[in-house]
Amino acid sequence: MSPPREGAERNDAAERDGTRPPSEEPRLPSEDPAGAAPLPARLSWVLAAWLPWQRWFAAKERIIGEVTVEQRVPLVDRLADGGPRGILLTLRVEFTDGGPTEFYQVPIGLRTELPPALEPGVIAALDGLVCYDALADREITALFLHGIAAGRTLGDLRLVAEPGAEPLPTSGTRTSRPLGVEQSNSSVVLDERYLLKFFRRLQPGVNQDLELPRALLEVGGAGHVPAILGSAQGTLDGRPVTYAVVQRYVANAADGWSMALGSVRDLLAGGQPPDQAGGDFASEARRLGRTVAEVHAGLARARGTRVLGREGIVAVVGEMRTRLAAARRAISTLDRHAASLDVIFTAVETSVEEVTIQRVHGDLHLGQVLRTPTDWLLVDFEGEPAASQDERLRMRSPLRDVAGMLRSFDYAAHHQFIEPGHPTVPDPAALRLADEWSRRSQVAFCEGYAERSGTDPRDQPLLLRALLADKAVYEAVYETRWRPRWASLPLAAIRRYAREIASGSPRAHDLL
Amino acid sequence: MSTPDVAPPGVPTPGRRGGPAHSLALTPDADWFKRAVFYEVLVRAFHDSDGDGSGDLRGLRDKLDYLQWLGVDCLWLPPFFDSPLRDGGYDVRDYRAVLSDFGTIDDFVDLVDAAHARGIRVITDMVMNHTSDGHRWFQESRRDPDGPYGDFYMWADDDKGYADARIIFVDTETSNWAYDPVRGQFYFHRFFSHQPDLNYENPRVHDAMLDNLRFWLDLGIDGFRLDAVPYLYAAEGTNSENLPATHAFLKKVRRVVDAEYAGRVLLAEANQWPEDAVAYFGDPQTGGDECHMAFHFPLMPRIFMAVRRESRFPVSEILATTPKIPSGAQWGIFLRNHDELTLEMVTDEERDYMYAEYAKDPRMRANVGIRRRLAPLLDNDRDQLELFTALLLSLPGSPILYYGDEIGMGDNIWLGDRDAVRTPMQWTPDRNAGFSTADPGKLYLAPIMDTIYGYQSTNIEAQLATPSSLLHWTRRMLHIRAEHPAFGLGDFRELHVSNPAILAFTRHHIRPDGTDDLVVCVNNLSRFPQPVDLELTLHAGTSPVELTGRVPFPPIGDGPYSLTLPGHGFYWFSLERAEDSEPAAPTSPAPEAHEAPEEEPTP
């Protein structure tokens with residue numbers, strides 16, 4: 001899927017504007033709960049009401065049955081000096097549907113009096129204390145940084161520095177700034193130098209976002225990803241689990257999505273063909289293609305490759321068919337394109353003999369790449385938010401990442417047309433320009449990828465087209481459910497793919 | 001111009017008959033070149049004092065009041081030496097004579113005197129790599145291989161040597177060797193074939209060139225732009241650029257300047273990537289023991305690219321990959337000069353892009369570059385002209401303005417070679433643009449006459465009369481820059497913003513009295529209005545004051561500092577601490593933000 005991330009500026013602004021109401025809890029008299037105080041009585045109940053409103057809460061369509069505190073790790077207690085009491089909670093969330101239980105972490109703070117900057121994070125007033133999401137509280141977030149530097153163990157939580165990485169400071173953190181853009185995790189920038197990222201939904205196993213950059217470092221290919229400096233590890237259900245990771249903050253970077261939107265804006269305002277427009281994105285896309293190819297090569301070196309034979313290919317295509325079938329139940333307009341899409345799925349099943357697979361990024365799009373002054377970086381290796389942990393660890397064709405980027409160029413090109421205030425019927429000339437921008441960027445990306453990998457993704461047109469169609473189907477379902485205004489983007493793409501398949505050989509090399 | 005034996009009335013001449021006279025020296029000041037705004041002016045193009053159709057030294061002297069008013073600190077004069085003028089004077093025939101068109105040695109001393117009286121310094125080009133083939137040394141060398149000059153040039157029996165040295169003037173030259181029928185040997189030349197390279201393996205060449213430098217330093221000149229320095233030495237198996245022997249010779253030149261002429265500067269013209277160019281500053285342990293200054297060539301095309309792409313990254317990238325320079329050194333930065341907008345220091349991909357964007361007509365190209373002036377390059381868009389100038393005046397380095405760009409002069413791409421950007425200065429809407437009283441047919445080049453850039457609409461007189469003109473705007477900016485030593489002496493840190501169209505940075509300098517001069521520059525490279533959040537919380541409590549109007553902006557708080565900028569807009573803020581607030585940390589918190597790069601720059 002392509003970037004649900006808007007430009008970071010806008011998100012920051014939205015947060016300041018106060019999408020959540022400020023706390024109106026009456027100020028309560030301070031108390032001094034000595035020692036390891038029990039958790040406030042109604043906490044579980046309050047969190048059950050609060051969780052579904054959090055962006056990172058994955059099971060929005062399920063009804064919560066019960067929330068229980070599975071584990072609690074006391075972080076700090078300075079209530080007596082007017083400071084916070086910080087507790088890291090691991091929540092077990094059960095649902096009324098009886099389906100799988102999910103686990104989330106919520107670092108909470110409790111204070112007698114809340115500084116204004118923390119007001120947006122208020123959860124509730126409980127037992128005379130204000131309970132809030134602690135990620136905005138520097139006194140609590142800095143503990144993780146300093147704890148990692150000191151190698152502390154807090155209850156079940158082990159704070160460990162990454163071997164060989166630059167040392168973290170043990171004290172003296174001055175600024176802590178939550179970033180407001182993530183989906184499945186929450187990040188805080190400390191001293192404009194460190195990124196502390198909490199994986200909100202806890203799934204047993206080492207998080208891919210820690211594992212894959214490490215793997216790249218092992219094979220000497222750590223360029224193109226942020227440096228890992230430390231992590232917070234615990235156990236869940238008797239298995240290791242990653243709570244948080246500290247990376248070097250990639251300062252002075254812009255995400256690919258905002259860069260691409262800037263380029264499209266320039267193009268549509270400029271009245272020049274895309275190959276002559278000053279803001280042409282092709283050279284950035286080419287460079288990005290090289291970067292992705294280098295990261296793939298590094299992951300292949302570090303974790304190996306396998307060859308998927310006919311049987312495996314049929315299984316993968318089966319998943320695509322299942323996804324399409326499910327999508328058709330939700331979006332009836334897909335019915336008329338199903339036959340065409342099936343042509344391409346069948347073509348892959350019958351004529352692709354083997355596919356090389358390896359560990360990949362898994363959820364690559366323009367919002368997951370950062371342009372720094374000297375490089376493109378890939379970030380957030382967690383994989384698709386909805387995928388299970390086992391899903392994420394699967395080897396896949398690197399073309400799946402390529403397809404993700406190609407779809408993302410298509411999103412960026414057409415995003416303007418769904419923005420509020422845009423005419424319902426877009427100017428056909430502008431649409432043509434956007435199509436051309438998308439195509440140029442896609443071609444340049446593939447060319448850059450080919451320069452480094454030695455193979456052009458377009459040389460596997462059947463597989464690439466199937467992956468593009470599958471991705472668009474996934475997007476169509478996601479957008480219809482969560483962002484209906486965006487649904488027209490993948491639906492238009494599916495329409496186009498179906499038309500192209502119906503009108504000619506799906507083997508055409510110039511499919512982009 | 002005829003040799004004036006008698007000075008015109010009203011012009012004081014220093015008493016230099018009968019002995020080597022010096023012009024008045026300015027107060028010694030070791031750092032002047034770091035704070036200075038340079039102004040490149042072609043003697044031929046500025047003002048003609050005697051009506052022969054060519055500008056001259058007296059004409060330039062007559063216009064010094066204008067330059068003082070504008071606010072420039074140092075003039076850079078491309079060569080005015082005796083020359084057959086087959087390469088704009090970079091083909092020197094006699095290092096100790098003024099080209100007769102331009103005047104005399106006396107005129108030069110008068111010019112330096114008059115400039116110094118206005119607090120303006122003067123530097124000129126010294127062409128060290130080669131001479132004209134008309135130079136007496138070459139004539140002697142070809143005639144008498146065993147004579148005193150026989151070994152002054154790089155002679156060989158064939159044209160096979162130094163095969164890895166690239167050819168620079170690809171439009172005209174096919175080899176770096178030329179055959180001389182008189183001597184019956186080939187001679188080496190990195191530039192035009194009429195410019196034989198001097199043989200620096202010969203110590204007598206060192207002595208001869210040092211004596212040439214001393215000659216002008218004795219006359220009071222404030223320094224030299226050392227032309228084409230990377231090429232002084234050649235060696236087999238190398239590309240014959242930036243060789244250790246070249247650096248050793250430059251250190252020798254520097255020792256002479258330091259010992260005999262303190263306060264004068266050496267500016268290296270080394271069209272190289274920054275990591276090679278920094279070598280021309282010499283040893284950082286000593287604060288620099290080669291050239292005081294070097295041009296930062298790759299920055300300039302990237303400013304154009306960044307604005308055209310509406311993305312700061314081309315500029316951020318080149319600055320992030322520019323190594324630290326010694327404490328006593330300074331970059332020279334520019335947008336345009338008398339040469340083509342050189343594209344040697346960009347990748348092939350970037351070059352194609354620049355050609356496509358800024359030189360659509362092939363006639364706009366010259367060698368590996370674009371021969372256009374600033375205003376036509378920017379479609380005469382005032383907003384962009386201001387943005388580019390603001391960048392030039394605020395990025396790290398001493399800015400070098402090119403004559404005429406302060407009024408937005410145009411170019412004439414139909415003229416040969418690089419003459420497109422060397423037309424007469426446009427003073428008035430009168431005949432010959434007020435540049436000369438000569439018969440228009442006698443002018444060395446016709447002034448620009450098109451409807452937009454022509455002298456009848458674009459000239460200094462008209463812009464002086466219009467307070468909102470580019471000229472007045474440029475002058476105001478120069479004066480603001482002069483009030484803030486941070487622009488010249490301060491460190492540079494890029495501020496980290498997530499909007500790719502915004503280039504924001506701080507310049508910070510601690511004055512001798514211990515107070516901070518901290519300037520925040522925010523530039524919108526996009527044609528559209530843009531928002532930006534600046535992370536300035538370490539300066540919480542201070543109120544930014546916008547420098548062009550002294551308007552105080554809201555104080556910085558605990559959160560991001562939000563600004564909106566109009567298309568191609570920019571702000572310069574001074575962060576002035578409120579009297580009663582805590583001492584603010586002077587710089588942003590990422591201490592290594594601009595250390596030497598960890599990775600190789602992208603070529």
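## Chain A overall

Of the contacts in chain A with a separation of 6 or more, 71% are between residues 24 or more positions apart, a contact being heavy atoms within 4.5 Å. The model is predicted: local features need pLDDT of at least 70, and side-chain atom pairs count only at pLDDT 80 or more. Residues are numbered from 1 along each chain as its sequence is written, and side-chain values use heavy atoms, with hydrogens and water left out.

Chain A has 13 helices and 18 strands; these are DSSP runs numbered from the N terminus, helices being H or I of at least four residues and strands E of at least two. Of its 512 residues, 59% are buried, that is, under 20% relative accessible area with a 1.4 Å probe, protein chains only.

## Helix 4 of chain A

Helix 4 (residues 208–218) is largely enclosed by the rest of the structure, because eight of its eleven residues are buried. Among them are A:Leu210, A:Leu212, A:Pro213 and A:Leu216. Their cover includes strand 10 (194–199), strand 12 (228–236) and helix 6 (282–303) of chain A.

A:Asn207 caps the N-terminal end of this helix, with a side-chain oxygen 2.7 Å from the backbone nitrogen of A:Asp209. After the helix comes A:Gly220, which has a positive phi near 70°.

## Nonpolar cores

The largest nonpolar core has 154 residues, and B:Tyr39, B:Leu77 and B:Trp216 have the most contacts inside it. Such a core is a set of buried Ala, Val, Leu, Ile, Met, Phe, Trp, Tyr and Cys residues joined through side-chain atoms within 4.5 Å. A second, separate core has 82 residues, including A:Ala285 and A:Leu491.

Methods
Chains are lettered from A and ligands numbered from 1 in the order in which they are written. Buried means under 20% relative accessible area, exposed over 50%, partly exposed in between (1.4 Å probe, protein chains only). A polar contact is a pair of N or O atoms within 3.5 Å; within protein, one must be able to donate a hydrogen and the other to accept it, and residues adjacent in sequence count only if both atoms are side-chain atoms.
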